[in-house]
Amino acid sequence: MEAVLEKPVSIPGFTRPLKSHEMVLNMGPQHPSTHGVLRLELIVDGEIVIDVIPHIGYLHRCFEKHAEHMTNYQQVIPYCDRMDYIASMNNDLGYAVACEKLLGIKVPERVEYIRVIMAELQRIASHLLAIGTYGLDIGAFTPFLYCFRDRERILDIFEHTCGARLLYNYIWIGGLSHDIPTGFEGKVRDFCKVFRPNIKELNDLLTYNKIFVERTANVGVLPADVAINYGASGPVLRGSGVKWDLRKNDPYSIYDRFEFEVPTGTGEMGTVGDCWDRYIVRVREMEQSLSIIGQAVEKIPTGDVQSAIPKRIRPDSSEVYVRTESPKGELGFYIIADGTTSPYRVKVRPPTFVNLSILPAMSRGAMIADVIAILGSIDIVLGEVDR
Amino acid sequence: MIPKEICDAVKAKFAETVLDVKTEGVLDPFIRVAPGQIRDVCLFLRDDDSLLFDSLMCLSGVDYQGGKLGVVLHLHSTKWNHKIALKADVQADNPVCQSVESVWKTANWHEREAYDLFGVRFDGHPDLRRILLPDDWEGFPLRKDYTLPEYYHGMKVPY
Amino acid sequence: MKELLIGLLQDEVLVYVLMALVPLLWILPFALFAVWWERKVAAHMQDRLGPMRTGGWHGWAQTIADILKLIQKEDIVPSAADSRLFTLAPFVVFIGTYAAYAALPFSAAYVGTEINIGLFYVIAVSSLVVIGLLMAGWASNNKWSLFGAMRSAAQVVSYEIPIALTLLAVVMVVGSFDLQEINRAQSGSILNWFIFQKFPFLFAAAIVYFVASLAEVNRTPFDIPEAESELVAGYHTEYAGMKFALFFLAEYANMFAVSMIAATMFLGGWNSPFGDFLAGPLWGAFWIILKGLLFVFVQMWLRWTLPRLRVDQLMYVGWKVLIPFSFAILFGVGIWVMVGS
């Protein structure tokens, strides 16, 4: 039953003026579930969502402009940390790998092994946070604390190594900032031993809980071809059944030496590409990361972690685009060098920026509670979306 | 397919549009095309069976200085696992490029960002608005000749 | 007791008012205790400690500190809110819960008022809460509060039906609505408690009643109206200070009221599990409070374990699962009683 509005109301980003029974709900920049400062404008008809218009940019800190004004390529690394602040090691790794390709540097074996261990530990930490906060969004308060208890163990290992818990500035171009301390291998092995049964506990508590499955299965289905066209990557793409992992399909560093599987969504609880699939891909990826860490920690060779760090970084005019697999997806760096010591252009291709653009397509026709579930399954970090 | 074959296939089909090709001596081989016909090239790249570039990895804006801006696309094929870059140069005083949003939906937000930070207007984009900066911001910050405004809504900008 | 006070004060109206305030003597300390207990239960289930410092031993004075903080907060009424409804809403919610305590028997010797339609009165008067929730959501002039209020109204109204039907099954066995009568019918031994009688019907009735009562008090998995991660705080988003404290008080009072009804109807009320041993007026109060606290503990346990249902799934569970079960139970118990007599 539509009344006629005397003055049509238009919302920027929405294709037509509002009808009288439609309501604009604002999940404002401050909201318990939007994982940061994200503003979602929901156009709803009762409980059914007609469209979602995301507004981003609240955390824009001009990373790309800063990078152009740094006097040195190494000085950009602390800024890289702060993009995806949940998974800083992987940001640093992406930038370092890109610069090393630009400069043609080959890093020592010891550095490669330590980088892989750090990146995989960080992947587990990032997924733990994603899973914990996802449970919180769905209403389960306890798995959040169990996940953080395990995440604390990883952050303790990081603090032992480089002194920082969240933003490390650890992986430098050509090497690392600190060598691993004595006792590092022991701590990592202990962590692996303690963490494996905790994944089972998490599965018992949250993953196969009937209410959780009801809330997430068949919700926010993303078909595989739509996912690829929208540029999805990481668990969002793998949850739709596409077996695509940059560590295997476009290898960088020494990932081709390790045996691990790439979990994909199979529609086990509902449809392929629903929220549950994206969630279970993250849980299974944690197990695979444990396996990689277990293999790597046995074989760390000796060497000097700072031997390949160039004293002066002045690449010739050239440009490169390198992508690495961060926990959120494909993190790409497009670096243009102009022959001076500071970069000419550093463009970051953030995985969550692209994954977030799929949110409106996945949420049309869902209910408001489902939008929260879908947003949680995409796992965004606003620091990376906005840079 | 190796980059040379890809470039030859594109050059064969779009002889007038392709301005430049570089496969040797660069880390990322690229094809330079005219900005006004980039969509047809992209449609060909996406739909041709031997090319099948179904994934746009990244679309970046660049300020080349000297009155020139550029748009750089990095493409990738999940089936054949090959990559190519496309470049399109536009004039800084009237930067218009064709939008490839209808080819790859991911370009929607990437082009909005290029518009927001460089001012490149994309012809055919359904919803070209600023994305990272506030809607009423003036200027295009990532241009090399950008100066900060003094005040924004009564707040002093440079500190 | 009433006569004693009338003799003392010579003023009947004053005495009635004083007697009406007696349940407050239970509700206020219980709410203080329950908030602390909930935080401790939550903490230990989440592998942490909870309040440890306020007052010394395991932070027992935490709630007192919280109440003092809430009392001295500024009383904010949003300028666009309907201020009369806004102010009245927490009181209506509290009155709806409080009035139920008038008929709840705390022991064989104490009941606020012994009426022969006790159960009917309790169920009827606790429905007033819905009006208060709707007032709060509407008067806040906030779309999110409105959503919370609408969902809450739908939920509470829908789940009253399984509650009424399952309690009706017990009433059929006893033959009376009078709560003291229902208590007396379960005296003797633990096997007389209704949860073990007419097996399996009344056992199923207890479970259905407990699940439906979770929805009545807006506890997880039915806490959509105050779903923190979706609606910020649902219908009580805009409330601050003492009004918020009143909502909280009403929620805990309601939790205990439904737990006490469950204890009365299914777990023998103020009867001791050992028959005559440890029975008597004061012991009766001890037993029913213990049983009520047991149900409150299970409610808290479920809150920290289960995720929450989406609103349409919640309505599905209420209308398409619990109500058919309730009808089946009612039917089964009815036939049993008819055949037995």
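Buried residues, meaning those under 20% relative accessible area with a 1.4 Å probe and protein chains only, make up 53% of the 159 residues in chain B. The model is predicted: local features need pLDDT of at least 70, side-chain atom pairs count only at pLDDT 80 or more, and totals for chains, interfaces and linings use all residues. Residues are numbered from 1 along each chain as its sequence is written, chains are lettered from A and ligands numbered from 1 in the order in which they are written, and side-chain values use heavy atoms, with hydrogens and water left out.

**Chain B overall**
- Chain B holds three helices and nine strands, taken as DSSP runs numbered from the N terminus (helices H or I, at least four residues; strands E, at least two).
- Along the sequence, these elements follow the pattern α-β-β-α-β-β-β-β-α-β-β-β.
- The C-alpha trace of chain B spans about 55 × 30 × 25 Å along its principal axes.
- Of the contacts in chain B with a separation of 6 or more, 48% are between residues 24 or more positions apart; a contact means heavy atoms within 4.5 Å.

**The sheet of chain B**
- An open sheet with mixed pairing is formed by five strands of chain B in the order β1-β2-β5-β4-β3, where two strands pair if DSSP finds at least two bridges between them.
- Its edge strands, β1 (18-22) and β3 (55-63) of chain B, each pair on one side only.
- β3(B) pairs with β4 (residues 68-76) of chain B in the antiparallel sense over eight bridges, and B:Leu56 stands opposite B:Leu75 in β4(B).
- Helix α3 (residues 107-118) of chain B packs on the sheet and touches β3 and β4 of chain B, its direction making about 5 degrees with that of β3(B); axes are lines fitted to C-alpha atoms, for helices over the stretch in contact, and angles run from 0 to 180 degrees between N-to-C directions.

**A:Lys347**
- A:Lys347 lies in strand β8 (residues 345-349) of chain A.
- A:Lys347 has a relative accessible area of 1% and is therefore buried.
- Leaving aside residues up to four places away in sequence, A:Lys347 touches residues of chains A and B, including A:Glu64, A:Arg387, B:His110 and B:Glu113.

How values were computed: Buried means under 20% relative accessible area, exposed over 50%, partly exposed in between (1.4 Å probe, protein chains only).
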